[in-house]
Amino acid sequence: MDSQLPDFPEEVPGLTENVVNTNYMTVYADPEFEYWVRRVNISLNLPVSYAHYTFDKAIANHDEVYFSPSLSFDWKPNNRFSGSFSGGLGRSPMNMNLIHPGLIMTNYRTLKAGTEQFYNSSSQNVSASVSYKHTRHGLFANGIVMQSWTHIPYTMSQQLYGDYVVYSYADADNDSRMLMAMGSVGKTLDFMRGSCNVNGSFSRNESQLFSQQQSVNSVSTGWSIGGKINGNPCRWFSFDYSIDYSDSRLTMNGMSESWLSTMENELSLTFIPYRRWQWTVSGEHYRNEITENSFKNVVMLDTKLIYQFNKRIELAASLTNILNKRSYNYITYSQLSSFESQRQLRGRQLLFSITLRK
């Protein structure tokens with residue numbers, strides 16, 4: 001990698017050039033052992049590898065051995081139900097793209113420096129999952145829970161210099177953990193030739209960071225719930241509707257920001273009044289919480305008319321953004337900051353098209 005910043009901001013200290021050459025060779029084996037006990041399948045994975053890294057004298061060469069065993073139990077008492085439990089631990093090399101001591105400008109106000117030292121990370125994880133299906137009744141359900149822990153000998157650091165933000169890696173241990181759970185339940189609706197589904201998820205990520213040379217314990221939490229339903233109740237009409245609601249919050253050193261929510265609705269209606277004609281009307285509703293109790297609502301409407309001239313020629317006319325909305329805003333959280341997006345939308349548009357098929 002070669003990089004340089006010829007017009008470097010004077011108020012930001014650091015190297016302005018990077019010249020790094022990375023080469024590595026890996027030899028690995030991935031033995032796996034399976035054993036069946038009645039309806040339980042026990043699997044043991046023992047991947048092991050040897051790696052030789054050379055850095056063309058930029059940093060010292062390294063020889064590493066990595067071993068990441070995992071054990072899983074899969075239980076299937078019948079054709080409808082199955083469950084599994086697994087756990088593992090491992091050791092892995094750093095991202096080679098982080099080996100650069102100099103700064104790289106990632107956008108107009110953010111710069112990032114890597115590290116001059118090669119390091120390895122270690123991790124542990126456990127997970128459990130269940131699944132159920134009853135094909136004759138059209139009922140399906142599944143769920144999964146996973147907990148993981150990661151240890152890295154370096155910690156991300158944020159430093160402000162005027163209007164610029166510099167991210168680097170401080171020589172301090174970083175222990176992070178993540179909890180994730182998700183599940184869904186679905187059912188076919190034979191009376192209207194459709195289906196419905198309800199799903200939900202929860203996540204919690206905790207890690208250590210440095211901001212302005214101060215240690216920060218960062219916890220990001222989020223959850224969501226949603227549903228879908230679709231059907232074709234008669235020959236000339238079909239529909240598809242979905243709704244999703246989510247909440248997220250960032251906590252730093254025990255001080256929490258407000259929960260910010262996002263809700264999205266989508267509805268599509270299709271009519272076939274005659275054999276060669278198809279008319280679709282679709283709408284989307286977004287409700288984003290920009291700040292506490294301050295919401296931005298956006299409604300989008302589109303329509304499309306299709307005429308199937310024959311098997312090879314199709315004529316269509318579509319009208320998008322009928323309400324002529326001009327902007328879409330939302331906020332997301334990262335480890336050390338919040339990010340607000342303000343997107344400009346294309347206005348109302350009418351499009352005629354011809355599709356030719358062989």
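This is a predicted model: local features need pLDDT of at least 70, side-chain atom pairs count only at pLDDT 80 or more; totals for chains, interfaces and linings use all residues.
**Exercise 1. Work out how strands S3, S6 and S7 are arranged in their sheet.**

Solution: 
- Start with the order: the three strands line up as S3-S6-S7 in an open sheet, and their pairing is antiparallel.
- Now look for the edges. Strand S3 (23-29) and strand S7 (62-67) each pair on one side only, which makes them the edge strands.
- Check the angle next: neighbouring strands in this sheet are turned by 15° against each other on average, direction ignored.
- Then zoom in on one pair. S3 and strand S6 (residues 48-54) run antiparallel and are joined by seven bridges.
- Finally, pick out a residue pair: Thr54 in S6 sits opposite Asn23.

**Exercise 2. Describe how strand S10 connects to strand S11.**

Solution: 
- Find the two strands: S10 covers residues 103-107 and S11 covers residues 110-113.
- Count the bridges between them, and you get four, with the strands running antiparallel.
- Follow the chain from S10 to S11: a hairpin makes the link through two residues.

**Exercise 3. Is Phe33 buried, partly exposed or exposed, and why?**

Solution: 
- Locate the residue first: Phe33 lies in strand S4 (residues 32-37).
- Recall the cut-offs: buried means under 20% relative accessible area, and exposed means over 50%.
- Phe33 has 49% relative accessibility, so it counts as partly exposed.
- Now see what it belongs to.

Note on methods: Residues are numbered from 1 along each chain as its sequence is written. Side-chain values use heavy atoms; hydrogens and water are left out. Two strands pair if DSSP finds at least two bridges between them. Axes are lines fitted to C-alpha atoms, for helices over the stretch in contact, and angles run from 0 to 180 degrees between N-to-C directions. Buried means under 20% relative accessible area, exposed over 50%, partly exposed in between (1.4 Å probe, protein chains only).
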